[in-house]
Amino acid sequence: MSGRQHRETEIARRIRAKGLAAGRTSAQIADEIHEACASQFSTTRIKAHRLSYGIALADVIEQVRALFERDSKPTPGIGETLLSAYESGLKRPGPEYLHYLCTVYRVEPAALGYDGPCICGHGHAHRPAGALGGSESKDPPPLLPTERELNIQPMVTEPEAQEDENILRRTMLNLLHTDTNLNTALDGVVLGACEGIRRRMDETLVSATVSAAMLDQWEEATLSFGRQYTTTGPLRLLCDVLLELSAVRTAMSRRQPIDLQERLCRMAAQLSGLSGMIMINLGDHRLARSFFRTGRTAADETGDRALRAWITARESLVPLYFGDAREALHLAKKSRDLAGSMPCAAQAMAPVVEARALAMMSGGDSKKEVVDQAKRALSRARSAFSHLKSDVQEDVAFGYTEKQLYFYQGDVLTKLGQTIEAEVVLGQALTKYQDHILDQTLIRLDQAQCRLIDGDVHEALAIGTQALRLVGDEYLTDFIVRPALALEQAIASRDADAPGLEGYRAELRRARAQLKGGA
């Protein structure tokens, strides 16, 4: 422990001792510690609460883990390093970790220094904290705001925006504590909340009075959401992303220092683009396009050509997946023009979309000129990828990864009927995917298409059936059902009585049943 930390701890220890002797609660002691130490040691409110209990980081971690175990959840990844980052203000806890930290300290998010209500929707002040400490023998009384808190006015959220946020919080809480069916949860109310947040962001972006602001923790949260894109259920991640987008919009609705305007608009563009990507996975192409349009509006405010090119390249996937190859080709070329010669994710992504659109437009007719044109586009993509920075090559959401490049190359070669090359590339792609079940499933369906093109109906059915069996219910969206249904129709047109076809149809019926009542 450094001398600075030692002095901070000594001051907190004295305040705690005097507070306990005077009969104060831990929450009141934490307020006193924060008032005494914030100016000298930059002590945050969340750290002041730990100091008010006189415990170490490890004690808090164990209590959080015990609460996860109590709720029958997997052991959380939170450790001393992450909690220390929360306490130093470098990072902000996600909604779930914030809920459990509030439970541990028996306070609301505002007491720990965070705006907004907890995702659980009810108070923590009178709830048992578990085994954290024994300094209090009864539930603490309601906390009165300190004079300092009364002088800090929180950002005001409109009732309509607050209701949309509450809908997403309730949805997230249901996903955390129940086995809610994806498409049962993704009903009109949830979609309406998504659209409401997106629409208000549009209104804020086009307002002439808008200036911008951004907090470091929001930028870190956005990068974190990008990392979670391949490992978290789409609806759960969408709730997280849109709650963050709503917070950004609230900040943008108030006048902020002009030097931070670009950072806040960049955040709005990235979060809107990520929302559009998730909407593609959920099978709602209308809302996906709307979010990308919002993202373009925000990106235009930054003047960053690479960001604008990324948004456009991601948007091109909407018509690509939902049946308009010509529009996809147009958007891909527009993205390529925006990127220019600048090494960026779109410079590698756009040529791949061009190749996929060309392959779709060929309709399986492998004319030499179409094959050559598509392969030239893939060659440009590989060349551009080799010039990307390593952090861009590792970012699956805001960058472009090697496994994505392999997958999309395999998809293009499959649609062109180049099955020998496609089999090799798809096999390489599948070995690189360990965490994204959506892309794994699409790769396996492409492999099944290759076998069907080569005349092996039995193997095509085996691969397709296994692909659908590996997908959990929460990922069975229209995004997966469309290509699976296309494979079934192609097989039936070739051999309507093929052995194994009924088994594949049974898995397909399970997938389609998940869509009933959904998006």
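Guide: A polar contact is a pair of N or O atoms within 3.5 Å; within protein, one must be able to donate a hydrogen and the other to accept it, and residues adjacent in sequence count only if both atoms are side-chain atoms. In this predicted model, local features need pLDDT of at least 70 and side-chain atom pairs count only at pLDDT 80 or more, whereas totals for chains, interfaces and linings use all residues. Residues are numbered from 1 along each chain as its sequence is written, and side-chain values use heavy atoms, with hydrogens and water left out.

Visitor: With which side chain does the side chain of Glu315 make a polar contact?

Guide: The partner is the side chain of Arg296, at 2.4 Å. Glu315 belongs to helix H15, residues 305-315, where helices (H or I, at least four residues) are DSSP runs numbered from the N terminus. Glu315 counts as buried because its relative accessibility is 4%, the scale being buried under 20% relative accessible area, exposed over 50% and partly exposed in between, with a 1.4 Å probe and protein chains only. Apart from neighbours within four places in sequence, Glu315 is in contact (heavy atoms within 4.5 Å) with Arg289, Phe292, Arg296 and Leu331.

Visitor: How many of the residues of H15 are buried, and what does the helix pack against?

Guide: H15 is mostly covered, with 9 of its 11 residues buried, and among them are Ala306, Leu307, Trp310, Arg314 and Glu315. These buried residues of H15 pack against H13, helix H14 (285-302), H16, helix H17 (325-339), H18 and H21.

Visitor: Which geometry does the pair of Phe407 and Tyr433 have?

Guide: That pair is edge-to-face, with 6.4 Å from centre to centre and 90° between the planes. Phe407 is in helix H21 and Tyr433 in the loop between helix H22 (419-432) and H23, so the pair ties together parts that are 26 residues apart in sequence. Phe407 counts as buried at 1% relative accessibility, and Tyr433 is buried too, with a relative accessible area of 2%. Tyr400, Phe407, Tyr408 and Tyr433 form one aromatic cluster.

Visitor: Which residues lie closest to the centre of the largest cavity?

Guide: On a 1 Å grid over the protein atoms alone, a cavity is a set of points where a 1.4 Å probe fits but cannot get out, a pocket is an open set with protein on both sides within 12 Å along at least five of seven lines, and lining residues have an atom within 4 Å of a point. Of the 14 residues lining the largest cavity, Tyr229, Asn281, Arg314, Tyr408 and Asp439 are the closest to its centre. Helix H13 (261-282), H16, H21 and H23 each supply at least two residues of that lining, and H13 gives the most, with 3 residues.

Visitor: From which helix does the largest share of the lining of the second largest pocket come?

Guide: H25 provides that share, with 7 residues. The lining of this pocket has 25 residues in total, and those nearest its centre are Asp411, Lys415, Asp446, Pro483 and Ala486. Helices H16 (317-321), H18 (345-361), H21 (402-415), H23 (437-453) and H25 (478-494) each contribute at least two residues to the lining of the second largest pocket.

Visitor: Is Lys367 buried, partly exposed or exposed, and where is this residue found?

Guide: Lys367 is partly exposed, with a relative accessible area of 43%, and is found in the loop between H18 and helix H19 (368-386). The C-alpha atoms of Lys367 and Leu416 are separated by 8.7 Å, although the two residues are 49 residues apart along the chain. Arg169, by contrast, is buried at 10%, and its place is in helix H8, residues 159-177.

Note on methods
Phe/Tyr/Trp six-rings, centres within 6.5 Å; stacked < 30°, edge-to-face > 60°.
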